[in-house]
Amino acid sequence: MAHAHTDHSAPAILAEVKPVAFPRATLVEKNRSFSWVTEKICGIIEGPTPRWWWIAFAVSGFLASFTVAGIIYLVSTGVGVWGHANPVNWAWDIVNFVFWIGIGHAGTLISAILCLLRQKWRTSINRAAEAMTIFAVVCAAIFPVFHVGRVWFAVLPGYLFPFPNANAIWPNFRSPLEWDVFAVSTYGTVSVLFWYIGLIPDLAILRDRFYRAGDKIRSALYGFFAMGWRGSNRHWSNYEMAYLVLAGISTPLVLSVHTIVSFDFAVSLLPGWHTTIFPPYFVAGAIFSGFGMVLTLMLPLRAIFRLEDLITQYHIDCMCKIILATGTIVGYAYGMEFFIAWYGSNPYEGFAFINRAFGHYAWAYWIMITCNVVTPQFFWFKRIRRNIGLVWILSIFVNVGMWFERFVIIVTSLARDFLPSSWGYYSPSAVEIFTFFGTFGVFGVLFLLFIRFLPIMPMAEIKAVMPQADVHGGHDKH
Amino acid sequence: MAATFYGLMARFDTAPEIYHAAQQVRDAGYKNWDCITPFPVHGLDGAMGLRRSNVPKFSLLGGLTGFTTGMSMIWFTGAFDYPLIVGGKPYFSPLFAFPISYELTILFTAFATIAGMFILNWLPQHYHPVLKSKEILRGLDDAFYVVIEARDPKFDLNRAKALLSQAGAKEISELEA
């Protein structure tokens, strides 16, 4: 022990305290200049449209038409075209909704929570991750909005939004489903606002570059949204404060959104749903799946646009470690659910969990365990984190696993009701399958438009974390 | 049309240079002046002598409005306009009204914060002498500028130029309004 040799006559105070100097990872490699960053990011937008972009856009557009066809058929026919039937009255619609909302959470985590924690590595991935959030919320919103069948009823007679129905009755504000309407619409709105605020300085760069290049139309379009930004430090001062406040409120927001989503299940009386562990377990799972999606999207972008100096191995390591941490939390939650089911001695609860692992849906349960608990453990190893192709494949497993998690939670509990006479087995209808896979097309179309027309990385924020940005020239001293 | 003189724009090439230049302009007692930087330079607010931003006051106002809106909406619909017993629960309770009020607090805070930022920065402002200057392209890319306006009470063309050169300006240009 350190105290063993303390001289009792004098207080043990060191003459000088030398904190351990941790080597800081470089966030932009090869000692690039500020204008290299501008040229690199703006060059993507200003250059000609690559052929792969058109191919990817066509494929995504075709896939998106499945969703469009699926919902047109649904609205014109009725919600019966989906495969739900007693006792499984909630299935793919809410599975897909929770899946997409969860994906979005990584974007807000990167833009808000990592901002508050001063994790500077967030800067090169936050723009694309926030875009992912917004598009994921769009895909998620399709399901609750269209599950009302006659979709206009979502608003005007107030199935979702608070307008009185035909009998002048208002929505039930005691229900977590109604809380969800507010949580998700606030989440979508605030995400768009946060994203737009981040875009303003970068849009100003594009405005001026297109103006100098003689492209008045694009200059006017980017300029309209740049709001006349001129890089004034008096503006930056208010801007930075606004950004900090938005990060500060987005943090409780993102935690509340998946908490409220989990309340949809946790406040019910159904075995397997009625558990207090749900809010933290859902939030961890959401961040886990979201980072999976961030890697799935960013690794190809990094390779295509040669962004290795901006998204470095350090960035990939950080994301892999977050996946490892949240995946392990999720794995712990799976174990704890079993423990509580046994320890709580409720026979229905016990049955629900045995049935999950060994019943008719055991195949889905074991896919979930493999993808969510086993997959992230590979990220303990540096050699695996450095193998970009393997990281990308593992990130897809994470996405698949988290979809199955929601499927397992929702469907297994409903399919085995309290009375064996009301047991059933749910399979999705073709309409559901098409509608869901189409949402990947919807997401793809939106994301491709984003990378073609908007700066995929926040130039101003990246410059601010480069060593040259330090007014005391800190990089020379070390 | 004869262009009116707006002020001086002096270029600096690095972040430490603009930081020290800003300190000198601040100490010289100028009021109507500004720095143009491609990114928020850490510590420049202090070097310019700017006070803490007032944006959080807007945020607080927005948050309070949001929370009140949530609570009163749920009270109005459930306990006043059409009281209906659901599951034997009270017509109104701040407990079940809390999650929605919480979300609306955040929603209104976000709008108020952004509105506050735009109002305090006097944006959108699509016309400005700095934007008209050819230098703006570099001002948003990799160069740093100090702009001293002619309307500043202490402004004197030669003395301002001397101050900026002494602060290490690489190039000084005149801006027209």
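**Helix packing and chain contacts in a predicted model**

Helix 2 of chain A and helix 14 of chain A are oblique to each other. In this predicted model, the two elements span residues 51-77 and residues 430-453 of chain A, respectively, and pack at an angle of about 140°. Their axes lie 6 Å apart. Angles over 145 degrees count as roughly antiparallel, and the pair is therefore classed as oblique. Helix 2 of chain A passes helix 14 of chain A in a left-handed crossing. The residues of this contact comprise 18 nonpolar, 10 polar and 1 charged.

The crossing of helix 5 of chain A with helix 7 of chain A is left-handed. On the side of helix 5 of chain A, the contact includes A:P176, A:W179, A:D180, A:Y187, A:F194 and A:I197. Helix 7 of chain A contributes, among others, A:Y243, A:L246, A:S250, A:L253, A:I260, A:F263 and A:D264. By class, the contact of helix 5 with helix 7 of chain A holds 17 nonpolar, 3 polar and 2 charged residues.

As a whole, chain A has 16 helices and 0 strands. The radius of gyration of chain A is 25 Å, close to the 23 Å given by the globule rule for 478 residues, so chain A is as compact as a globular protein of that length. Along the principal axes, the C-alpha atoms of chain A fill a box of roughly 80 × 75 × 45 Å.

Contact between the chains takes 56 residues from chain A and 62 residues from chain B. On the side of chain A that touches chain B, at least two residues each are supplied by helix 1 (34-46), helix 5 (176-212), helix 7 (233-266) and helix 15 (459-464) of chain A. Helix 7 of chain A gives the most to this side, with 17 residues. The side of chain A that touches chain B divides by class into 29 nonpolar, 18 polar and 9 charged residues.

Chain B is divided into domain 1 (5-51 + 126-176) and domain 2 (55-121). Taken over C-alpha atoms, the centres of domain 1 of chain B and domain 2 of chain B are separated by 43 Å.

Terms used. Residues are numbered from 1 along each chain as its sequence is written. Chains are lettered from A and ligands numbered from 1 in the order in which they are written. This is a predicted model: local features need pLDDT of at least 70, side-chain atom pairs count only at pLDDT 80 or more; totals for chains, interfaces and linings use all residues. Axes are lines fitted to C-alpha atoms, for helices over the stretch in contact, and angles run from 0 to 180 degrees between N-to-C directions. Helices (H or I, at least four residues) and strands (E, at least two) are DSSP runs, numbered from the N terminus. Angles under 35 degrees count as roughly parallel, over 145 as roughly antiparallel, 65 to 115 as roughly perpendicular and the rest as oblique. A crossing is left-handed if the near helix is turned anticlockwise from the far one by less than a right angle, and right-handed if clockwise. Ala, Val, Leu, Ile, Met, Phe, Trp, Tyr, Cys and Pro count as nonpolar, Asp, Glu, Lys and Arg as charged, and the others, Gly among them, as polar. Two residues are in contact if their C-beta atoms, placed from the backbone, lie within 7 Å. Domain bounds come from an automatic or database domain assignment. The radius of gyration is taken over C-alpha atoms; the globule rule is 2.2 Å times the number of residues to the power 0.38.
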